[in-house]
Amino acid sequence: MSNFIFTKDQLELIEALESGKYKQCTNKLYDPETGGFCCLGVACVINGVPITNGYYRRSRIPQNLGASSKTRAVRDKLKLKSNMGATFNFSTSLAGLNDSDYSFKFIAKRLRESPEEFFTNGAES
């Protein structure tokens, strides 16, 4: 078991993913057609990034937290390791888990169990 202490913002993300309040989508931070979010899109919306394509989408490619200055600010606030929300290995990143159809609850569980995989540091730093 880790001695990692989550920041308030990190816990808010985990709790939002566990809440069942957000519809999930893949390959996009936010899908205006379905109203769904990637887990990183949930991070953005709970941190006040307006739901507009300009902030959540930079081009036609799948998006991550590098989409705009506002989404990059969320990455930094949460102390995530990368724009994909973890290591630079897509399949084990938050974006990769989301886009491989793992549920928000599963992703929240992974964040709780292995925070060092995703966050550079927590409240203790």
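I took helices (H or I, at least four residues) and strands (E, at least two) as DSSP runs, numbered from the N terminus.

**Ground rules.** I am working with a predicted model, where local features need pLDDT of at least 70, side-chain atom pairs count only at pLDDT 80 or more, and totals for chains, interfaces and linings use all residues. Residues are numbered from 1 along each chain as its sequence is written, and side-chain values use heavy atoms, with hydrogens and water left out.

**Overview.** I looked up the secondary structure and found six helices and two strands. Along the sequence they follow the pattern α-β-β-α-α-α-α-α. I called a residue buried under 20% relative accessible area, exposed over 50% and partly exposed in between, with a 1.4 Å probe and protein chains only. Of the 125 residues, 45% count as buried. The accessible surface (Shrake-Rupley method, 1.4 Å probe; for residues, only the protein chains shown count as cover) comes to about 6500 Å². Carbon and sulfur atoms hold 50% of that surface. Next I checked contacts, meaning heavy atoms within 4.5 Å. Of the contacts with a separation of 6 or more, 56% are between residues 24 or more positions apart.

**Helix α2.** I found this helix mostly covered, with six of its eight residues buried. They are C39, L40, G41, V42, A43 and C44. Just after α2, G48 takes a positive phi of about 85 degrees.

**The core.** I defined a nonpolar core as a set of buried Ala, Val, Leu, Ile, Met, Phe, Trp, Tyr and Cys residues joined through side-chain atoms within 4.5 Å. The largest one has 32 residues. L17, C39, L40, V42, L94 and L111 have the most contacts inside it. Helices α1, α2, α4 (69-78), α5 and α6 each supply at least two residues of this core. Which helix gives the largest share of this core? It is α2, with five residues. I then followed L94. Leaving aside neighbours within four places in sequence, L94 has contacts that include C39, L40, I107, L111 and F118. In soluble globular proteins, nonpolar side chains tend to be buried together.

**Helix α6.** I listed its buried residues as F104, I107, A108, R110 and L111. An α-helix has 3.6 residues a turn, so residues three or four places apart point the same way. The cover over the buried residues of α6 includes α1, β2, α2 (39-46) and α5 (94-99).

**Aromatic pairs.** I paired rings of Phe, Tyr and Trp (its six-membered ring) if their centres lie within 6.5 Å; planes under 30 degrees apart count as stacked, over 60 as edge-to-face and the rest as tilted. The count comes to six pairs. F4 and F119 are stacked, 6.0 Å centre to centre with 25 degrees between the planes. F4 lies before α1 (8-18) and F119 after α6 (104-113), so this pair ties together parts that are 115 residues apart in sequence. Both F4 and F119 are buried. Y22 and F37 pair edge-to-face, 5.8 Å centre to centre with 90 degrees between the planes. Y22 sits in the loop between α1 and β1, and F37 in strand β2 (residues 36-37), 15 residues apart. F4, F6 and F119 form one aromatic cluster.

**Residue D31.** I placed D31 in strand β1 (residues 30-31). Is D31 buried or exposed? D31 counts as buried because its relative accessibility is 12%. Not counting residues up to four places away in sequence, D31 touches C25 and G36.
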